[in-house]
Every structure is written in structure tokens, then in C-alpha cells.
There are 10 protein chains.
Amino acid sequence: MLKKIPNILSPDLLKTLHEMGHGDEIVIGDGNFPAANYAKRLIRCDGHDIPSLLDAVLQLLPVDDFVAKPITLMEVVDKSAEKAPAIWNSYENILNHHEISPGQIGYEERFDFYERSKEAYAIIATTETALYGNIILKKGVIS
Amino acid sequence: MLKKIPNILSPDLLKTLHEMGHGDEIVIGDGNFPAANYAKRLIRCDGHDIPSLLDAVLQLLPVDDFVAKPITLMEVVDKSAEKAPAIWNSYENILNHHEISPGQIGYEERFDFYERSKEAYAIIATTETALYGNIILKKGVIS
Amino acid sequence: MLKKIPNILSPDLLKTLHEMGHGDEIVIGDGNFPAANYAKRLIRCDGHDIPSLLDAVLQLLPVDDFVAKPITLMEVVDKSAEKAPAIWNSYENILNHHEISPGQIGYEERFDFYERSKEAYAIIATTETALYGNIILKKGVIS
Amino acid sequence: MLKKIPNILSPDLLKTLHEMGHGDEIVIGDGNFPAANYAKRLIRCDGHDIPSLLDAVLQLLPVDDFVAKPITLMEVVDKSAEKAPAIWNSYENILNHHEISPGQIGYEERFDFYERSKEAYAIIATTETALYGNIILKKGVIS
Amino acid sequence: MLKKIPNILSPDLLKTLHEMGHGDEIVIGDGNFPAANYAKRLIRCDGHDIPSLLDAVLQLLPVDDFVAKPITLMEVVDKSAEKAPAIWNSYENILNHHEISPGQIGYEERFDFYERSKEAYAIIATTETALYGNIILKKGVIS
Amino acid sequence: MLKKIPNILSPDLLKTLHEMGHGDEIVIGDGNFPAANYAKRLIRCDGHDIPSLLDAVLQLLPVDDFVAKPITLMEVVDKSAEKAPAIWNSYENILNHHEISPGQIGYEERFDFYERSKEAYAIIATTETALYGNIILKKGVIS
Amino acid sequence: MLKKIPNILSPDLLKTLHEMGHGDEIVIGDGNFPAANYAKRLIRCDGHDIPSLLDAVLQLLPVDDFVAKPITLMEVVDKSAEKAPAIWNSYENILNHHEISPGQIGYEERFDFYERSKEAYAIIATTETALYGNIILKKGVIS
Amino acid sequence: MLKKIPNILSPDLLKTLHEMGHGDEIVIGDGNFPAANYAKRLIRCDGHDIPSLLDAVLQLLPVDDFVAKPITLMEVVDKSAEKAPAIWNSYENILNHHEISPGQIGYEERFDFYERSKEAYAIIATTETALYGNIILKKGVIS
Amino acid sequence: MLKKIPNILSPDLLKTLHEMGHGDEIVIGDGNFPAANYAKRLIRCDGHDIPSLLDAVLQLLPVDDFVAKPITLMEVVDKSAEKAPAIWNSYENILNHHEISPGQIGYEERFDFYERSKEAYAIIATTETALYGNIILKKGVIS
Amino acid sequence: MLKKIPNILSPDLLKTLHEMGHGDEIVIGDGNFPAANYAKRLIRCDGHDIPSLLDAVLQLLPVDDFVAKPITLMEVVDKSAEKAPAIWNSYENILNHHEISPGQIGYEERFDFYERSKEAYAIIATTETALYGNIILKKGVIS
């Protein structure tokens, strides 16, 4: 453990976030995401939900201001659904807390999301059980 | 994730618990325990406290009935303290839930505890912040 | 060995089943299946037949309810054969025991089956000697 | 699988038996034996009992005729027990079948047995559940 | 060394033959065959000729009865040659001894033979000096 | 690069500081320190002086309050020297800035310092050219 | 440290520069460059700016006289900008000091620059914060 | 060192030459050849010129008599040059000494030579400074 | 294969002999010698007898003239035996052929021989079946 | 190859010299020195004599001025010899050229020299054939 570093960030995750550069992406996958199969670099966070990880990661990781949508969620399959998945509300609150607006969130169709995950710098495997929780963050710059 | 397996147990931890045999020991260390330095096999559980791990581990791991004290805590340095460390109460509840009585708990002086940890089959590194939380479990038999 | 875990599941197999995510596939191959040649991850279970493995795996691994056919067998070459291979009866019983119906079983032509095996997350090599015993399981979700 | 080779012998076990030389020892441990902790080379045979392994190993491995006791069992702790452990009967039958007489069996006190296991060329980890099943074989010569 | 196993088969070769499945191929190359360059798995048998290896391998390895030509030789370049290469006589004798008929031998043009070798499960490198000695065996089933 | 993390701390150094536990030590060696020879874990920081590293490390790493002297310098060989090495002044300023008093600094004879360095969790190799710059930090607790 | 070798060049960087041949390229990336993602061989120089590295590298590395533009910078996106990025002035001074003229500098569009970086022999990761600092050097010959 | 083996041939080079088969190629590159970048297997011979290596290699390595041009040099770019590169004279003498005639030397255009080098079994990196020194040898047969 | 190198010497064995220096020892063990257990470096020569290896090794390896007994055999246990083991005659002939006299042969008691083998640079594992065939060679100098 | 770096210094040797710190030792062994057996880190320089290496190394490596004898030679066994080994003259010239006087040369008895070599940071293996050529250099400081 270190000063200023949230406890939930393991040494390997911290090192991975540090190594990433401008434009590199990291996926935070839910408990059923095939992370071990798709990941170039796998960071396991068993026992944790995604909001806890998301908030901790954003305390250290800047997101990319050079693109319109540095945050990506998986598109809801049934587009007639009246409401967005419940977990997205908590995401908006966390993102807002880190000064990222809802307008900076993009959406990717399920299989496109999978293909993009395979190209990500790393995938964090959580055991989040909410539906539509998978999220991709694109790293920004430190100036 | 799998049926019957608590989410907090990672694939590596599950594999490690499985590989251990009768008499092998596993340490669950707190957030300041020098786990990376002492461990033959290190299992990181950043962001978790010890009671959550302890309860999950005991759902799968039998403790050793062949010895009087299969559970070991680190002896309080200031023996004139009136009360046991607060976290020990939660341990007693969890152990009781798994049919392990307070009489099966032994105590090891701090530096002896460290030396014994170096010989353990594995050390789990948590980020538990309570004092005197380190605990050693000796695996029993499956019959 | 651990509580709740069938003895036939080795630490590596247990870890592998745990790591798999939604949609990942695992092949249980018979004794002549070229498992070492095709497998991304190889789990050897020499001396065991497939029904024993199948039953043990399904105690922990959910199968995919999002697809119509989460179970796949290798199509019989001689389609005029009057009867299904004998081992399929035992498979239906085991699957039924785990609440998987015959309608959830699909069939793949031999060489397609091989190509699909090469993409599977893992292959279990048994020494099953019955014909047409190879089987693929697609992992479902834990909710 | 190969002609002449019992199915229960995995490629790694076969290779290990072949590599051993005159006087090298192999332990076949029961399901609670701390094999992963003690073994220089670990061969897992999850799901198998010791008699099946013992018979298969002795079809290929000669035992040492240069010493009086090429076979070693773990001494029963309670020496007043009226009868030898039940599994020893099956061992005597198997050994007899391979022309090894009861007189060639030695006994080692439990902790001496453990120390000797640490020096063995390899340990086979079974999931045998009978008591006092652990056995050490000393390899003989091929002439 | 082990009972029943010809001395010429090293532990690694034995393990490799065991791991192979139905349809996997193994090449026995002569002393000038670019084995180290082409092999997925290389087994060196320096100092040995091919007939000795061939006979030993066939004592354990079944050849594939599901295809017409489980044995493959390299086609003679000068097809007007009156006689088959001398070493092929010894091959026919060895094959005959293992109940494989001349009709089960196929021929592959030199560069096709090379390409096929690159896909083989393993290549055995001998120091055979006879011309046209290279041979491919396709593994059959154990029932 | 990450928010809150001084640029001079590489991903590996950050990971190493994070992994260390209570009582583990890290050495910051000067440019002539035989770091590659003595280090269990070596972190190279070529081109940097020690004060820059020291200040950056102390922004994240707590020092041990359980011991009297969590900071260790190498004792000056010529004890009749009138003044402490010049670089020690800058160290005192940096330590003071991180609320570590001069009284918390201990001194170790040169060869004892070397032996202790070999037991440290890690050694940082700088190219500091000042004399008597080597320094050992003992990690404290995060509560 | 060695005679004649600037302190900022680590043993790994020195070895890498030495191994490179005529026409091989090395990238010196700024602090936000996705170096860990793109590099075949990654050399981290955390805490350093690019001019310091550039000058040190050019003391040992000849640049390629066989091509017109052995030095490559990343093209400014907004071509209407009145002035070149400030850091390029310092580059010109350093290059001039090593007898490389401004005419030997080429420019590569941003994404072409990225693709070329992936093919480079190595990437040096600095923590340079100036814009448009990334630079590619093509190694020349020693005669 | 060994009897019959020229001192300049290191154990790794000797092993590499031995492993090569009929038709495999080895490149001896000059001091500026990008050997570390192109080589599947790299053998460094720093401090040596090519003629010394060439002569030593040819004492052990037969060249391929099945092709017309088992030796390949890099074509001179300026074809109007009146004379062949000076080092080629020394090559002809060495080749002649090993009974290889000038007619057995082929020429490859520079970039074709590079592409072919990438496919070679190994590249020897010398520090030869003469121009047009790079040479490829195709191994022949031992009968 | 290479010119001047006996076919029985594999690339690894050739490399090993080359790496050895003055005074280093190599053991040629018979088929029952526990070579895999004792060897720092193991060279398998399955299917070969010791005389073939001995003769080939001595064509390249000088033996040590600085000691009286550069060759060591294992002392016969039953010293009353009237005759030396039969294989020693063939050894004397081979040694004589390489100008090593019987007087240069020393003898080591069995368990001393084993201990010495553990310190040898390498052990060659043959499948020699003759008794008392194990032999140690001490490398001499090339001048 | 690099500017300022003698061609005979390979990338690995250069890296090794750089990594060494004050007081670390490097051995330059002759062609019969058991370098592969004794070395913690082995640098092969086949085909080179020691004087060439010595001169090149000393162009970059400072020797230790803090000890009286930073250079060590192996003591001549026959102390009645009238003259020092011939190669020592060339050493004195080279050392003198690098401002190291004969008085800075120490001598170590043969077996003490061997034991000390085992503790050295690295050993360079040359193929020097002169007697008494082995030499140890103790690295000094860069200030």
C-alpha cells in the first residue's frame, strides 16, 4: 500500500495504468466477460464490482480529451428498452465526479465491443454481476 | 466465476487452496504485512479485508483436526491490554460459523509469526487495515 | 482436495474453468483426440472416461442459455446408422441431471468440430475409448 | 495413448519413470499428502486411487533388488492396532502380482517418511482417501 | 530405461509419441534433413539410423487405419530409376513385421514433403546417411 | 505517466514500492554502488541524482515509525572529518519536508551497510556522484 | 557507469544502441507516447526529457548518411501554425552540434509516425512534456 | 576449446552449424549489418572480420552441391564499377581453398539479400568494416 | 552433421564439450545410472553404449595431463573378483587408441563416484547395459 | 557498433561492464579456463587473445584506486622460474598505457584464484593460449 493510491489498485494494475500512453485503452469487464480469453494483459480483481474500480482508476488515469468519446459502453441489445441499465447511473455519477460529461460516452455494438477489447492494452476482470457493466477507458495525456 | 465458488476467490487462489495438502499452512496477511518479501507463493487480494477472505476460504478449506491449534494469530505485544483486538471478534464469529471453536486458536509471538509465514505454502495479501489481523490456517483432510 | 469440489477436477482444470467467461468453450476429447496438437490450453486427465469428467465439470460450470445449442457433439459420419452412439445415452442422462435438455445439443461435422476445437479456451484430454465421445461445452453466466 | 502403456500413465508420468535411474525413488501420495509442497517433480493424478496407479507403474518400473526393502510404507502411528490398514492388503496383492514379496516392504515413521519424500525424484499426487496409503518405490535396474 | 520400452526411445520421444492423437504425424528425418529448421517439436537421435528408430516407434505407435496411406516416403526425383532406394527394402520388412502392407505407403514430391513436415507434430532427427530415407507416420487409434 | 505520481518514478519502481510491506527496506545507491551485484530486485534510474529520487519516493512511501531510525546512511570512514558530507544537508531538507527529523537517521559502517543492502527488498541504482550518498529507507504502515 | 559513456544511458540502452545496425531505427517518445504498447523493445527513461537523451545518444550513435532524412519528426497537425514547436529549436541545436543539418530532418504524419514506430528496433520512453517532441533516428554506419 | 575445432567458433556457433540441415542458410554479416533486427538466431562474433569466420566455418560446413550457387554475395549497387570489392578477392581464395569455384557464387540485389537474410537459419554478426562483405552460405550434405 | 564431427555427438553434447575448461569433468553413465537426478547438465544418448560415446568424445576432448589419473572408473564392490569387468577391456583399447595409458585410470568407491558425479560439469546418459561401465573424464588443455 | 566503443566489446560485455559497481570484479580467462563452470555471468569472446580484450576493457573501465592491488594475476607455481610469463610483459605495457603501475598488480595462488573467480561479477572467456594469462580487474569509481 502507498500514500495517495486507492487500496483496490494492485501493484500490477498500478504499473499497467502507468505504462499506458495517450490513446491506449483499458477495459473493465464484468464477472462473465471472457477476459482471460481476450486480454493481451489480464488484471484480475476478483470480488470487486466495476464502480469501485472505475472510481479508483480515474483518480490516477486521465481520459483522452482529443477524442469526442473517451468512454465506451456496450450498446443495449433491445433498443426498445425504456431505461438505460441501472449501473449506468452510478457510472455517470462517478464520471461526473471526475469531470467527464455524459456526452463523452460512446456506445459500441456487442461484438464490436469484443473485437475492440482484444486490441486493448489491458483488461481488468471484476466479478461485477450487473448487466451492461463492461466499460472501456481511453487514456489521455498528462501535461 | 463458477457455481459454489465465492466470487472473492480468484482462479489462482482456488488452485492454490486445492494444491495444498494436510498440514500445509496459508497466511492471510493485512495490508502492511511484508507478503511479497516473505511469500513462497503470493496471492494478492488488493481492496479486500481479511474477514471476507477468511469466510470464503473456509467454505472450501478444511482445517486440521489432528493438531490442537489449526488457527494461529499474532500475539498482542502489549499483554496488559484489557481487550483482544476488535477484529478477533469477527474472526471468532466466522470460525464459529465453520465449526471451529476459540480453543482451536493458537498465538505466535510477532517475529516467530514472521518466520513461520516464510515457510507457509502461500500468503494472501489483503489490504486489511485493522491491527493484529494476520492469521494462519493449517489445512486439514478431506475424507 | 477441497470441500465441494469433485476429486477428479485437478487444480489446473479448476482454475481453467474459473477463468473462462461467457461464451468461451471447452472441449472434452476422447483418448484418440489430437488434444496436444490442437489445444490452446491442454488439461490432461489420463485414465478417466468422459462421463466422469462431464458430470464433475457441470457441477461447477454453467452452460450458456443465450444460445440454442450450448452443447456440441461430433456428427456421426454414417448417417444411415440406426442408433446414436451408445455413449450419448449416458451424456443425455448426465445433462438431464444438470437440467440441460436434449434439444440444447447441437452437432458439428467432424472437420468443423476439429477447427472449432482449435479455437476453444481449453481441451481436456481423457482416455475415453467409446466412439463419438468428443463434446464441447459453451460456458454460461453466473448471476 | 500408446500400445503396451496403461491408460492411467500420462505422458509426463511415463517420461518421469523413464528418466529415473537405479536407486531413485518415487512416492505415490494419497489425496491429503502435501505433494505440491514437498515434490521436486510433481505428477498430478487427480481422481485416481493408489492401487490403480501402483499396478500401472509396476508394469513398467522395475524395483530395486540390490536393497532389502525397495518398497516403503508409512508406519502406523498407533502400533497397538490389531490389523494393518485395509489398503495394504490390496498393495500386497498387486506387489505379489509383480513378484515382490511382503518381506521386501519396509516401514518409515511418519515424519521420516515426509523428509524422505522431499528427496524423492518425483511425487505422484492421487486422490486416494484410504488411510496409510502413501507408498515409496525405489527403482531397480533394467539389464 | 523401462520394461517393454526399446532403449532407443528417449523419455522425450516416448512422451511425444504418447501425446500424439489420431491423425497427428511424426517425421523421421535422415542426417541431412533440415529438422531443426522445420520442426514444431524436435527430437534428436544423433548416431542412429532410421530403421532402428522406425522399428522401435512402431512397437508402441499404431498407424492410422482410417486413411489409405498412413506411411509416406519422399518420391524419387529421377523417376526413370530402375530400382527403389535400397533402404526402402528394409522399411518394407519392418512395416511388414508390424502388419503394415506396401499398399499403405504413399509418396510425396520433395517440396510437398517438406511443407508437410513443417505441419507435423514432431520431427525425429537421425543421422541416417542413406538416400530417400525420410519417412512420415500418421498415428492411428488405440481402442 | 499518471496523475499524482512524480514523473521520475517508473512503472517498475512504483510497483516495487507498492509491494513492499512494513519493515521492508529499499536502498537508493549512488552511481558507483554495486547495485546489480547486490540487489534482490534492481531498479535502474540512470541519469538521476539521489535527492530527486528521495523526494519522489517519500511522496508515496511512509517510513517506519515503529523503529527509532527508519533512515540509514553510510558512516563516514574518517570520523575526524569536521563536517558531514554536503549531500546530507539536502537529505535533511527533503526528510524534513516529509516530517522526518534528523534524529530518525541512523548510521551503518560501510561493510555492514553493504551486507544490509543485500537483504533489502530492492535497490535503486542512480548515477549520483556525491560521496556518502547511499541511503536506506524502511517502509512504514498505511493506516 | 563507464568512462566516455554519458550517465543517462542505461546498460540496456547502451546495449540496444550497440546491437542496432545500418538502417535500424530508434524512437525517442515523449511522456504520453504509447511506447509500451508499440515497442518491439522498450527502454524506459522516466524522469528525463528528450533533449538530454538525444544529445547523449548522438554521442555514440552515427546517423544514416545513405538516406536524405535520417531524422524524423511528427508533422504538426495544424499546418497554419506560424511557428514550429519550441522544442524543435533545441533539437536543431543538438543536431547541429553533432553535424546534422536541418535539411536532414523529415516529417511524418501522426498516424504514419505511429505505424513506423511499431517497426522500429526500439522505443525510448521519456517523460518529456513538450508537444511534438517525438523523434526517430535512423542508425548509420561505423567505418 | 576442442581438438579439430578452430578457436574462433564459439560453442553456440558450433551447435548452430551442426543443427543446420541440407539447404538451410547462414549469413555472415559485416559490422553494420542489422543482424540483431533480422536474425531468427543471432551469433555475435564482435571483433572479428568475415574472412576469418568464413574460413573457420568452411572447415566444418559442407556447401550445397545440389544447387548451382550455394554462395551468395550482395550485388554491387553501382554496376559500372570497374572492379569487384576488394574483400571478394580474399573470399575467392578462401572458397578456392575449400574447393568452391567462383562459378558457384551468386549475387542478390541489396533488398532481396535482406529479405533472404530474414529467412536464414542464423546470422553471424561480425565487425567486418569492408564494403560488400555480407555473404550467405547454403549448407550441403554429409554423406 | 558436420565434417570431422562423429555422428553420435549431438549439437548439445558438442557445445557442452566445447564449453568445458581445464579440470572440468564429464561423466558417461550407463543405462541405470541416475543421471537425470544427479546431473547439473544432462545429455541424453538413448540407444547408445558407452564405448561408442567414449571413442567419439575422445576424438575432440583432450584429457588432463596435469593430474595422474584423468580417467575414473567405479571400483568393483567385490574386490575378490578375479577379473576386471569385461567392458574395461574395450575401454583400455579405446583409451590406448587415444594415447591414454592404463596407468592414467583411477578408481572411486561407488558412493564417492556418485557424489563426484553431482559436481561434474555434465553427465551423458547412455543405455549401456554392461556392469561397471560408468566413467569420468577430466578435460585437459588445448595449447 | 558505436562511436568510441572498441569493436571487440560485444553489446553484452559492454552492458556488463556498465552494470558493475565499485569493487566488483571481472575475470578475463584464457582458453582453458573453466569459465562456463565458474561464472555467475559468462561473456564468451572466442577467437580473441587476452591483451586485445584487456586494452579494450580498460578504455572504458576504471580500476579501483581505493585498494592497493586492483589487478590480480595467477601466481606462478614454480617460483624458481627465472622469468615472469612472457604475456605479463604485454600486460604491463597495456596497464602502463592506462596509467596503472606494476605496483598495483597482486598475485593469487592458483586455487585461491579459482575461488575468487567464482565470486566475480562476470568472467570473459577468451581463447588465449599463453600460460598464466588469467587476470582479474577490480572496478573503480567514476566521479
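Predicted model: local features only at pLDDT ≥ 70, side-chain atom pairs only at ≥ 80, totals over all residues.
Residues are numbered from 1 along each chain as its sequence is written, chains are lettered from A and ligands numbered from 1 in the order in which they are written, and side-chain values use heavy atoms, with hydrogens and water left out.

Two copies of a chain are related by a rotation about an axis and a shift along it. Chain D can be laid on chain E with an RMSD of 0.0 Å, by a turn of 180 degrees and a shift of 0.0 Å along the axis, where copies are superposed by least squares on the C-alpha atoms of residues with pLDDT of at least 70 in both. These two copies are thus related as by a two-fold rotation axis, and the C-alpha of chain D nearest that axis belongs to Lys15(D), at 2.8 Å. Because 100% of the interface residues of chain D are also interface residues in chain E, the copies meet through the same surface; contact here means heavy atoms within 4.5 Å.

Chain A and chain F can likewise be superposed, with an RMSD of 0.0 Å, by a turn of 180 degrees and a shift of 0.0 Å along the axis. In chain A, the C-alpha nearest the axis is that of Lys15(A), 2.8 Å from it, and 100% of the contact residues of chain A recur in chain F, the same surface serving both copies. Some pairs of chains, by contrast, do not touch: no contact joins chain B and chain H, whose closest C-alpha atoms lie 35 Å apart, and none joins chain D and chain H, where the corresponding separation is 24 Å.

Next come the charged side chains. Side chains of opposite charge can pair when their charged atoms come close. A search of the whole structure finds 80 salt bridges over all chains, a salt bridge being a side-chain nitrogen of Lys or Arg within 4 Å of a carboxyl oxygen of Asp or Glu. One of these joins Asp12(D) to Lys15(E), with 4.0 Å from N to O; since Asp12(D) lies in helix H1 (residues 11–19) of chain D and Lys15(E) in helix H1 (residues 11–19) of chain E, the pair joins two chains. Helices (H or I, at least four residues) and strands (E, at least two) are DSSP runs, numbered from the N terminus. Asp12(D) is partly exposed, at 43% relative accessibility, on a scale where buried means under 20% relative accessible area, exposed over 50%, and partly exposed in between (1.4 Å probe, protein chains only). Helix H1 of chain H, residues 11–19, is mostly covered, with eight of its nine residues buried, among them Pro11(H), Leu13(H) and Lys15(H).

Other salt bridges lie within a chain. Lys138(I) and Glu25(I) form one, their closest N and O atoms being 3.2 Å apart; because Lys138(I) lies in strand E6 (residues 135–138) and Glu25(I) in strand E1 (residues 25–29) of chain I, the pair ties together parts that are 113 residues apart in sequence. Both Lys138(I) and Glu25(I) are buried. In chain B, Glu108(B) and Arg116(B) meet in a salt bridge of 2.6 Å, N to O, in which Glu108(B) is buried at 18% relative accessible area and Arg116(B) is partly exposed at 24%. In chain A, a network of salt bridges links Glu25(A), Glu108(A), Arg116(A) and Lys138(A).

Which side chain of opposite charge is nearest to Glu128(G)? Glu128(G), in the loop between strand E5 (122–125) and strand E6 (135–138) of chain G, is buried yet has no salt bridge, and that nearest side chain is Arg44(G), 14 Å away. The side chain of Glu128(G) does reach the backbone nitrogen of Ala130(G), at 3.0 Å.

The cysteines complete the picture. The whole structure contains zero disulfides, a disulfide being a pair of cysteine sulfur atoms within 2.5 Å. The sulfur of Cys45(C) is 10 Å from the closest cysteine sulfur, in Cys45(D), and is therefore too far for a bond. Cys45(E) is also in no disulfide, the nearest cysteine sulfur, that of Cys45(I), being 10 Å away. Cys45(C) is buried, at 6% relative accessible area, and Cys45(E) is buried at 5%.

Notes: Lys, Arg positive; Asp, Glu negative; His and termini not counted. Polar contact = N/O pair within 3.5 Å; in protein donor to acceptor, adjacent residues only side chain to side chain.
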